[in-house]
Amino acid sequence: MRVVGQLLAVVAVAAIGGRSVAAVGGKPWLTFAVGVVVSVLAVLVYGWVVRATERRPSTEVARKGAGAALGRGVLIGAAMFGAVIANIAFLGGYEVHGLGSVTGAVGLFGFMAAAAVTEELLFRGVLFRLVEERTGTWIALVLTGALFGLMHLFNPHATLWGAIAITIEAGGMLAAAYAATRNLWVPIGVHFGWNFAAGGIFSTEVSGNGTPQGLLDTTMSGSTLLTGGAFGPEGSLYSVVFGVLLTAVFLWLAHRRGHLVPRRRRAGRVPAAPSAPSRPAPSEGRPLPPGSNDAPTLPR
């Protein structure tokens, strides 16, 4: 029941928040305010439902150290996207024509904050964490990463390759970030840093959503494999490569810190310890093998 309760609580906040942000679309400063409020309320609701259903402190969203962890995540996400854009620009696929819209970036900040927080609470806070308890880190990473990628198939301009790319570079990487840190602030920061850098700073498409212009006035052209086409740079081969590299780093940290959860074995499948072959006692009148000891063997 705890899974159902937590899912319902987070999905309800995400749905209400999404409608609220959409309702103020076209008003950047109001979008900014609503997005920030939705983000804060989502974290509070998640913390409350975890404490209520699991009878434990919601340490994964603890306030202590939240600012530093969130900041590290934002820097990682923004730097990762910057590296992708730098590689695309090196081949002439990305051009800056001047400044874009400051107010557009402000609105995108609120929109991206609400999206990053609610999606991380749902996919890493609830789904990955609870699936990991039953299947271990590796299976949970694959399953929830694939689900995260499939969710993006419903976006405008979505493609199968785009969903596969999201599965690898984001679904797996963000789950690995949670496994390495055991808090949600880092994956929330990485998610937000990536999205805001994509739409709010570099003015590119974010998952094919028709993202408004951000701080820069830009255009993209060239091979879809390298630029991501209408889906945006998340569909770029560069994003997949950098996502895989960062996933490997996070998983290495998780292993080093002892945070990887092994796969649970069913009790009926655990092989029994081999027992010593039985032999008849001398009193039964049956001969013992040559060289055997008549004394009973004590278990070790």
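1. Let's start with Thr247, which is found in helix 9 (helices are DSSP runs of H or I, at least four residues, numbered from the N terminus). This is a predicted model, where local features need pLDDT of at least 70, side-chain atom pairs count only at pLDDT 80 or more, and totals for chains, interfaces and linings use all residues. Residues are numbered from 1 along each chain as its sequence is written, and side-chain values use heavy atoms, with hydrogens and water left out.

2. Thr247 counts as buried because its relative accessibility is 10% (buried means under 20% relative accessible area, exposed over 50%, partly exposed in between, with a 1.4 Å probe and protein chains only). Its side chain reaches the backbone oxygen of Gly243 at 2.7 Å. Leaving aside residues up to four places away in sequence, Thr247 touches Ile168, Gly172, Met173 and Ala176 (contact means heavy atoms within 4.5 Å).

3. Now for the surface. A nonpolar patch of about 1100 Å² includes Leu150, Phe154, Trp161, Ile168 and Leu245 (patch residues have over 30% relative accessible area and no salt bridge, with nonpolar side chains joined within 5 Å and like charges within 9 Å). Helix 6 (160–181) and helix 9 (237–256) each supply at least two of the patch residues.

4. Leu160 is also in that patch and lies in helix 6. Leu160 counts as exposed because its relative accessible area is 57%.

5. Last, Asn195 sits in helix 7 (residues 185–201). With 7% relative accessibility, Asn195 is buried. Beyond residues up to four places away in sequence, Asn195 touches Met112, Gly200, Val206 and Glu234.

Notes: Accessible areas come from the Shrake-Rupley method with a 1.4 Å probe; for residues, only the protein chains shown count as cover. A salt bridge is a side-chain nitrogen of Lys or Arg within 4 Å of a carboxyl oxygen of Asp or Glu. A polar contact is a pair of N or O atoms within 3.5 Å; within protein, one must be able to donate a hydrogen and the other to accept it, and residues adjacent in sequence count only if both atoms are side-chain atoms.
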